[in-house]
Amino acid sequence: RYRSVRASALASLTLFLPVGIYDSLWDRYITDRGGNNFMVGLSFLVYTLPFIAFGARGGRLSDTHGAQRMVLIGIAMCAPIVFAYGLLTQSWAIVLMGGVEGIVGAFAIPAAQSLMATAAPPGRASAAQGILGAGDLLAAALVSLIAPTIYGRYGAMTTFGSAAIAMCVLCVLIALMLRGARTESGLSSDAQ
């Protein structure tokens, strides 16, 4: 019922869209680009380390500059990174790009979680976070079902490019929803 809750869930879901590609194709994608099992494992490490190093700082930035702003910036920065994966031809470049995506994620994901925490009605924070998690997993699962077919038939550029375009479209939709949610909350506070 709450537009801000829907927008928050959609924001987090948007950040998780490429996870479906990674879940279903990452090993094959890196192998197709000349990598080996070590490179696959290294890519997960390089992606994860920024969350450890910058996750708390990302949360503080969200608190300082606003979760709405930070999540929209995060999605807008993540989409070109996802697109770039389709252009890369060397496994080491993919690993390095994963580190860049990890840095962006360390700032964007806490913002999405904070956005949901503030959007949740009083006494419903846990339910709202549950919606957020369910949406993330659903998005990743659906993408993981279709990504291998797209990759096998059309290649990496189409696979990652489609995800990046979807993220851009959803980013605009989220911005519009959040703008409408601010207007609704302003009207309801004026009416009270």
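**Close-up 1. Helix H2 has a kink of about 60°, centred on Phe54.** The model shown is predicted. H2 runs over residues 37-65. At 1.5 Å a residue, its 29 residues should span 42 Å. The end C-alpha atoms lie 40 Å apart, which agrees.

**Close-up 2. Asn36 caps the N-terminal end of H2.** A side-chain oxygen of Asn36 lies 3.1 Å from the backbone nitrogen of Phe38. After H2 comes Gly66. The phi of Gly66 is positive, near 100°.

**Close-up 3. Several residues of H2 are buried.** They are Met39, Val40, Ser43, Pro50, Gly55, Gly58 and Ser62.

Close-up 4. Tyr47 is partly exposed, at 25% relative accessibility. Phe51 is also partly exposed, with a relative accessible area of 25%.

**Close-up 5. The largest nonpolar core has 50 residues.** Tyr29, Val71 and Tyr85 have the most contacts inside this core. Helices H1 (3-32), H2 (37-65), H3 (67-85), H4 (91-119), H5 (125-154) and H6 (156-191) each give two or more residues to the core. H1 gives the most, with twelve residues. A second, separate core has seven residues, including Val5, Ala9, Ala119 and Ala120.

**Close-up 6. Tyr29 touches residues well beyond its sequence neighbours within four places.** Which residues are in contact with Tyr29 once those neighbours are left aside? They are Tyr85, Gly86, Leu88, Ile94, Tyr151, Ala156 and Phe160. Three of these contacts, Tyr85, Tyr151 and Phe160, also join Tyr29 in a cluster linked by ring pairs. Tyr22 and Trp26 belong to this cluster too.

**Close-up 7. Tyr22 and Trp26 form an edge-to-face pair.** The count of aromatic pairs comes to nine. In this one, the ring centres of Tyr22 and Trp26 are 5.0 Å apart. Their planes stand at 70°, so the pair is edge-to-face. Both residues lie in helix H1, four residues apart. That is about one turn of the helix. Are Tyr22 and Trp26 buried or exposed? Tyr22 is buried, and Trp26 is buried as well.

Conventions. Residues numbered from 1 in each chain as written. Predicted model: local features only at pLDDT ≥ 70, side-chain atom pairs only at ≥ 80, totals over all residues. Heavy atoms only, no water. Core = buried A, V, L, I, M, F, W, Y, C linked by side-chain atoms within 4.5 Å. Buried < 20%, exposed > 50% of the residue type's maximum accessible area, 1.4 Å probe, protein only. Contact = heavy atoms within 4.5 Å. Phe/Tyr/Trp six-rings, centres within 6.5 Å; stacked < 30°, edge-to-face > 60°. Expected span 1.5 Å × (residues − 1). Bend = angle between axes of the 7 residues up to and from the residue. Polar contact = N/O pair within 3.5 Å; in protein donor to acceptor, adjacent residues only side chain to side chain.
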